[in-house]
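Please keep the sequence and the model in view while reading.

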Amino acid sequence: MVDVKNVIKRIKRNTKLDDDELLAEIAQDAIDNATADGFTGPKLEIAAGWLGSHFASLISGANSNIKKQTLAVMSIEYQSSDGSSTYLVEYERMLDLLNGGSNQVEFI
């Protein structure tokens, strides 16, 4: 069984969210989702940490995919990756490996 406190530690390490009650709720949601996706044992804690970090970054508005462009007359900030985050990318990578893995090429 995964200790919610360990998942909260992982989320706090990755995000700026510091509301303990909200973090406990996010951690439990992440554990439930990761369990439903098939993670077990030590990988469950790791996966829940990444997924919980994604949830927390969305809530706190501190998504890791915020881009900024500064021009002589204006500055533009926008979110890339259609709502994804580096935390969600890592969770999905682990989920892909759990499900047998695949080779994937991305062109940017």
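Read from the N terminus, the elements of the protein chain follow the order α-α-α-β-β-α. The chain holds four helices and two strands; helices (H or I, at least four residues) and strands (E, at least two) are DSSP runs, numbered from the N terminus. The model is predicted, with local features needing pLDDT of at least 70 and side-chain atom pairs counting only at pLDDT 80 or more, while totals for chains, interfaces and linings use all residues. Residues are numbered from 1 along each chain as its sequence is written, and side-chain values use heavy atoms, with hydrogens and water left out.

- Of the 108 residues in the protein chain, 31% are buried (buried means under 20% relative accessible area, exposed over 50%, partly exposed in between, with a 1.4 Å probe and protein chains only).
- Among contacts between residues at least 6 apart in sequence, 55% join residues at least 24 apart; contact means heavy atoms within 4.5 Å.

**Helices H1 and H2**

- Helix H1 (residues 4-14) packs with H2 at an angle of about 110 degrees, and their axes are 9 Å apart; axes are lines fitted to C-alpha atoms, for helices over the stretch in contact, and angles run from 0 to 180 degrees between N-to-C directions.
- H1 and H2 are therefore roughly perpendicular to each other (angles under 35 degrees count as roughly parallel, over 145 as roughly antiparallel, 65 to 115 as roughly perpendicular and the rest as oblique).
- Val4, Val7, Ile8, Ile11 and Lys12 of H1 make the contact with residues of H2, including Leu23, Ile26 and Ile31.
- The residues of this contact of H1 with H2 comprise nine nonpolar, one polar and two charged (Ala, Val, Leu, Ile, Met, Phe, Trp, Tyr, Cys and Pro count as nonpolar, Asp, Glu, Lys and Arg as charged, and the others, Gly among them, as polar).

**Helices H1 and H3**

- The axes of H1 and H3 come within 8 Å and cross at roughly 45 degrees, so the two helices are oblique to each other.
- In H1, Asn6, Val7, Arg10, Ile11 and Asn14 meet residues of H3, among them Ile46, Gly49 and Trp50.
- Six nonpolar, five polar and two charged residues form the contact of H1 with H3.

**Helices H3 and H4**

- Helix H3 (residues 41-60) and helix H4 (residues 86-98) have axes that come within 8 Å and cross at roughly 150 degrees; H3 and H4 are therefore roughly antiparallel.
- Tyr87, Leu88, Glu90, Tyr91 and Met94 in H4 meet residues of H3, including Ile46, Trp50 and Leu51.
- The contact of H3 with H4 has eight nonpolar, three polar and two charged residues.

**Aromatic pairs**

- The count comes to two aromatic pairs (rings of Phe, Tyr and Trp, its six-membered ring, pair if their centres lie within 6.5 Å; planes under 30 degrees apart count as stacked, over 60 as edge-to-face and the rest as tilted).
- Phenylalanine 39 and tyrosine 91 have ring centres 5.5 Å apart and planes at 50 degrees, so this pair is tilted.
- Phenylalanine 39 lies in the loop between helix H2 (20-36) and H3, and tyrosine 91 in helix H4, so the pair ties together parts that are 52 residues apart in sequence.
- Phenylalanine 39 is buried at 3% relative accessibility, and tyrosine 91 is buried at 4%.
- Tryptophan 50 and tyrosine 87 form a stacked pair, 6.2 Å centre to centre with 25 degrees between the planes.
- Tryptophan 50 in helix H3 and tyrosine 87 in helix H4 are 37 residues apart, and their pair links distant parts of the chain.
- Tryptophan 50 is partly exposed, with a relative accessible area of 26%, whereas tyrosine 87 is buried at 11% relative accessibility.
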